[in-house]
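Here are some notes to read alongside the structure. Keep the view open and follow the points in order.

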Amino acid sequence: AAQIIMVASGKGGTGKSTVSVLLGSRLAAAGKKVLLIELDSGLRSVDIIAGAAGRTVYDISDVLCGRCDWRKAIVESPVYKGLSLISAPYERGNVQPQQLAKLTRKMAKHYDFILVDTAAGLGAPFAAAMVVSQMALLVLTPDPVALRDGHIAADVLYEGGFTNVRLVVNRVGPSTFDKGAVADLDECIDTVAVQLIGVIPESAALLKSTAAGEALPENTLAWRAFDNLARRILGQQ
Ligand code: ADP
């Protein structure tokens with residue numbers, strides 16, 4: 001059965017969707033069957049990042065409400081081979097944990113990994129993803145707001161009995177060092193006991209390729225970081 005991994009953050013815009021798609025692409029490249037579910041209600045971005053903009057007919061709310069079979073909602077990424085996607089609706093929907101659990105139980109037989117890209121914050125998508133996932137990746141950027149909100153998200157996960165939480169620090173670049181955020185990040189490993197599993201650099205190539213819906217070039221530092229992240233996750237299985 002699939003390992004279900006939720007990709008969460010406290011603050012919005014830390015790169016959750018970007019990390020979900022690129023991690024998914026590297027797991028798929030390793031020969032794994034990967035489904036990425038975007039649970040971010042009211043915002044849709046994984047289709048663009050995965051080069052599949054305009055291909056979505058049915059979204060995750062159609063599936064959860066029983067308007068269509070889950071298989072009909074799947075779109076294959078044209079740029080990342082082996083990565084399947086189900087997009088979020090444009091309109092804010094309600095995600096019931098029990099509905100999601102029932103759905104992922106059915107899906108789990110068909111995949112090695114199901115990645116759940118949750119909405120920012122601690123609302124219904126976060127709560128529902130917590131119920132179905134075995135692992136949580138907390139995506140933070142090295143700035144005080146993202147760190148604080150990430151702490152809060154980690155606390156909610158731990159209070160919910162979730163133990164398998166890992167930290168991905170995204171957009172690490174020269175300005176990170178100017179701001180002294182490295183020290184904050186280092187201490188975050190103690191305060192919330194979140195183990196670091198990946199560091200993704202600030203990358204103009206990533207920004208450009210995701211905006212254009214193209215594959216991230218392999219000769220980039222960001223590509224290497226995602227490949228490493230995927231390898232570490234595969235190593236934990
Ligand atoms: P979220 O899903 O957390 O809202 P996104 O994945 O949509 O965040 O990313 C927010 C913005 O930041 C996007 O424009 C994305 O291209 C950019 N971005 C994310 N990660 C990086 C990175 N490592 N380097 C450069 N830009 C990035």
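1. How far is an oxygen atom of the ligand from an N or O atom in the side chain of R171? The distance is 2.9 Å, a polar contact (a pair of N or O atoms within 3.5 Å; within protein, one must be able to donate a hydrogen and the other to accept it, and residues adjacent in sequence count only if both atoms are side-chain atoms). On its own the ligand has 560 Å² of accessible area, and the protein covers 81% of that; such areas come from the Shrake-Rupley method with a 1.4 Å probe, and for residues only the protein chains shown count as cover.

2. Before going on, a word on the model: it is predicted, so to speak of local features pLDDT of at least 70 is needed, side-chain atom pairs count only at pLDDT 80 or more, and totals for chains, interfaces and linings use all residues. Residues are numbered from 1 along each chain as its sequence is written, and side-chain values use heavy atoms, with hydrogens and water left out.

3. Back to the ligand. It is surrounded by 15 residues, and the closest are K16, S17, T18, N170 and R171; a residue counts as near a molecule if one of its heavy atoms lies within 4 Å of it. The backbone takes part too: a polar backbone atom of G13 is 3.2 Å from an oxygen atom of the ligand, and a backbone N or O atom of T14 lies 3.2 Å from a ligand oxygen atom.

4. R171 counts as partly exposed, at 38% relative accessibility; the scale is buried under 20% relative accessible area, exposed over 50% and partly exposed in between (1.4 Å probe, protein chains only). The phi of R171 is near 65°, a positive value in a residue other than glycine. Most residues other than glycine have a negative phi.

5. Now the sheet. Eight strands form an open sheet in the order β3-β4-β2-β5-β1-β6-β7-β8, with mixed pairing; two strands pair if DSSP finds at least two bridges between them. At the edges are β3 (75-76) and β8 (195-201), each pairing on one side only.

6. Which strands pair with β5 in the parallel sense? One is β1 (residues 3-8), joined over five bridges to β5 (residues 113-117), with V7 and D117 as bridge partners. The other is β2 (residues 34-38), also parallel to β5 and joined to it by five bridges; here L36 stands opposite L115.

7. Is β5 enclosed or open to the outside? Five of its five residues are buried, so β5 is largely enclosed by the rest of the structure. Both faces are covered, with F113, L115 and D117 buried on one side and I114 and V116 buried on the other. In a regular strand the side chains alternate between the two faces of the sheet.

8. Helix α10 (residues 221-236) lies across β1, β5, β6 (135-140), β7 (165-172) and β8, and runs at about 160° to β8; axes are lines fitted to C-alpha atoms, for helices over the stretch in contact, and angles run from 0 to 180 degrees between N-to-C directions. In helix α5 (residues 124-132), the buried residues are P125, F126, A128, A129, M130 and V132, and their cover includes β1, α4 (97-107), β5 and α6 (144-159). T104, in α4, is buried with a relative accessible area of 3%. Beyond its neighbours within four places in sequence, T104 is in contact (heavy atoms within 4.5 Å) with I4, I37, I114 and V132.

9. V46 sits in helix α2 (residues 46-49) and is buried at 0% relative accessibility. V46 and V21 are 25 residues apart in sequence, yet 6.6 Å apart in space, C-alpha to C-alpha. A136, in strand β6, is likewise buried at 0% relative accessibility. A136 and V165 are 29 residues apart in sequence and 4.7 Å apart in space, C-alpha to C-alpha.

Conventions: Helix = DSSP H or I, 4+ residues; strand = E, 2+ residues; numbered from the N terminus.
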